[in-house]
Amino acid sequence: MSRKKHVVDLSDEERRTLDWFISTGERKAEDNMRARILLKADDGLTDAEICEHVGCSIGTPYKARKNYCKRGLAAIHRRKPDREYERKLDGDAEARLIKLACNDPPEGYARWTLHLLADELVTLDEIDFESISHETVRRRLKKHPQTASLRLLGDSR
């Protein structure tokens, strides 16, 4: 029988924290499942036994144990806390996008499309971008009610 590569050895405080985490009922189901997996792994159950008890696929206990060994109790949350995103459009660029979307479309087009807006935004000299996707444009315009009547966001009404 082979030894497990990632062994879960919870302290008493970590066990109490995980028990409290599960018992409150205010968390995501997947976070609760990972917490239960860590508790069962600490009890010495195999991955197959954990799958039966928790009701998950066979790879889930391995991933939970591996993440626990790397990140500690923070592993019960799927996202890594150090994950940061840089905004493509700052406030100035977003204002220019809204202004552009509220203007008349280019010659030969009946209305603005998300692709047209993205291309036009890139060609503006005031804004320094190599490329902006139509999805970025959609997300930014969705947050502004004044652009809702433009039918750019997939609303066919």
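Visitor: How far is the backbone oxygen of Ile76 from a polar atom of the side chain of Arg34?
Guide: They're 2.9 Å apart. A polar contact is a pair of N or O atoms within 3.5 Å, where one must be able to donate a hydrogen and the other to accept it; residues adjacent in sequence count only if both atoms are side-chain atoms. This is a predicted model, where local features need pLDDT of at least 70 and side-chain atom pairs need 80 or more, while totals for chains, interfaces and linings use all residues. Residues are numbered from 1 along each chain as its sequence is written, and side-chain values use heavy atoms, leaving out hydrogens and water.

Visitor: OK, is Arg34 buried or exposed?
Guide: Arg34 is buried, at 10% relative accessible area (buried is under 20%, exposed over 50%, partly exposed in between, with a 1.4 Å probe and protein chains only).

Visitor: And where is Arg34 placed, and what does Arg34 touch?
Guide: Arg34 belongs to helix H2, residues 29-42. Leaving out residues up to four places away in sequence, Arg34 touches Ala64, Ala75, Ile76, His77 and Arg78 (contact means heavy atoms within 4.5 Å).

Visitor: How many helices and strands does the protein have?
Guide: Seven helices and zero strands. Those are DSSP runs, H or I of at least four residues for helices and E of at least two for strands, numbered from the N terminus.

Visitor: What comes just after H1?
Guide: Gly25, which takes a positive phi of about 70 degrees.

Visitor: Switching to the inside, which residues touch the most other members of the largest nonpolar core?
Guide: Of its 17 residues, those are Val8, Leu10, Leu18, Ile37, Leu38, Ile50 and Ile76. H1, H2, H3 (47-54) and H4 (59-71) each supply at least two residues of this core, and H2 gives the largest share, five. Such a core is a set of buried Ala, Val, Leu, Ile, Met, Phe, Trp, Tyr and Cys residues joined through side-chain atoms within 4.5 Å.

Visitor: What is Leu10 in contact with?
Guide: Beyond its neighbours within four places in sequence, Leu10 meets Arg15, Leu18, Leu38, Leu39, Asp42, Tyr68 and Leu73. There's also a second, separate core of 16 residues, including Leu100, Trp112, Leu117 and Val137.

Visitor: How much of the protein is buried, then?
Guide: Of the 157 residues, 31% count as buried.

Visitor: Last one: what about Cys102?
Guide: Cys102 sits in helix H5, residues 91-102, and counts as partly exposed at 43% relative accessibility. The C-alpha atoms of Cys102 and Gln146 are separated by 8.4 Å, though the two residues are 44 apart along the chain.
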